[in-house]
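Subject: Handover of a structure and its findings

Dear colleague,

Please find the structure below, followed by an account of what was found in it. I would be grateful if you would read the two side by side.

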Amino acid sequence: MKNEKSAIVINSIKKSYKSGGNITHAVNNISLEIPFGEFLMITGRNGSGKSTLMHLMALLDNPNSGEIFINGEKVSDLHESQKMKLRLESLGYIFQEYALIQELTALENVMLPALMINKFSVAKKQAVSLLKKVDLKDKMKRLPSQLSGGEQQRVAIARSLVNNPKIIFADEPTANLDSVASKHILDIFKKLNNQDNITIAMVTHEPEEYIYASRIINLRDGKLNEK
Ligand code: ADP
Ligand code: MG
């Protein structure tokens, strides 16, 4: 499988969990190539391995076996600190539950990943510009508890973009939102994909969101079916 022109290539990835006497093959021998510029949607029932696959691709977890290439770079050759750097600089991640730090304002939440890679001088400017881009110009100084679910998710999107990643992952980003807030999120993703050429891998349960995708794949019991 080629690996130079793709945002992500995974070859024969496996991840199992042991609990009690049972082994769950959460991701069971998946190979997948995500070209630059794709808007990939990942579907499948609860427990089919979607979140595990997303965590592996986003370097939030390590597979038991198999290879992962991010931007053509083989991840298993990297040390943990290099992996963390690659993750912070090249990948954005958006969670269903937003995962904002409650004690920090929207602006501070968005600045945080930039501060983590010592971009002190540009962090604020970049965060302000991204919060404007997700239509939160007037709410930057608010705490997460003072924002609606849709607004919090837009803060999380801005945060995922602060270090200019070329790839973002979103795991059921609209599952907690009403249809208006969901559409707002999807329209932002569409613009990021179309105008900024950001590669997106997103998990969804909502068939009405499929129209935004350039490709849809389905997981079943840790295995992949192309749709
Ligand atoms: P999905 O996101 O499609 O609902 P997950 O990737 O979360 O699926 O889970 C896939 C399978 O792996 C499920 O059977 C789940 O119970 C199991 N699993 C996921 N994470 C863990 C874990 N940390 N420990 C044990 N089992 C896990
Ligand atoms: Mg999941």
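Ile 42 stands opposite Ile 217, a residue of strand S9. Five bridges join S9 to strand S3, and the two strands run parallel; strands count as paired if DSSP finds at least two bridges between them. Five of the six residues of S9 (residues 215-220) are buried, so this strand is largely enclosed by the rest of the structure. Here buried means under 20% relative accessible area, exposed over 50%, and partly exposed in between, with a 1.4 Å probe and protein chains only. Helices (H or I, at least four residues) and strands (E, at least two) are DSSP runs, numbered from the N terminus.

Two notes on conventions are needed. This is a predicted model, in which local features need pLDDT of at least 70 and side-chain atom pairs count only at pLDDT 80 or more, while totals for chains, interfaces and linings use all residues. Residues are numbered from 1 along each chain as its sequence is written, chains are lettered from A and ligands numbered from 1 in the order in which they are written, and side-chain values use heavy atoms, leaving out hydrogens and water.

Buried in H6 are Ala 181, Ser 182, Ile 185, Leu 186, Ile 188, Phe 189, Leu 192 and Asn 193. They cover an arc of only 155° around the axis, which puts them on the same side of H6; the arc is that of the directions from the helix axis to the C-beta atoms. Ser 179, Val 180, Lys 191 and Asn 194 are exposed on the other side of H6. The buried residues of H6 pack against several elements, including strand S3 (39-44), helix H4 (120-133) and helix H5 (149-161), where contact means heavy atoms within 4.5 Å.

Helix H3 (residues 106-116) also has buried residues, among them Leu 107, Val 110 and Met 111. The buried residues of H3 pack against helix H2 (80-90), H4 and H5. After H3 comes Asn 118, whose phi is positive, near 65°.

Finally, the structure holds three aromatic pairs. Rings of Phe, Tyr and Trp (its six-membered ring) pair if their centres lie within 6.5 Å; planes under 30 degrees apart count as stacked, over 60 as edge-to-face and the rest as tilted. The pair of Tyr 93 and Phe 95 is tilted, because the ring centres are 4.6 Å apart and the planes stand at 45°. Tyr 93 and Phe 169 form a stacked pair, with 6.0 Å from centre to centre and 25° between the planes. This second pair links distant parts of the chain, as Tyr 93 lies in strand S6 (residues 91-94) and Phe 169 in strand S7 (residues 167-171), 76 residues apart. Tyr 93 counts as buried at 11% relative accessibility, Phe 169 is buried at 0%, and Phe 95 is partly exposed at 30%. Ring pairs link Tyr 93, Phe 95 and Phe 169 into a cluster.

With kind regards
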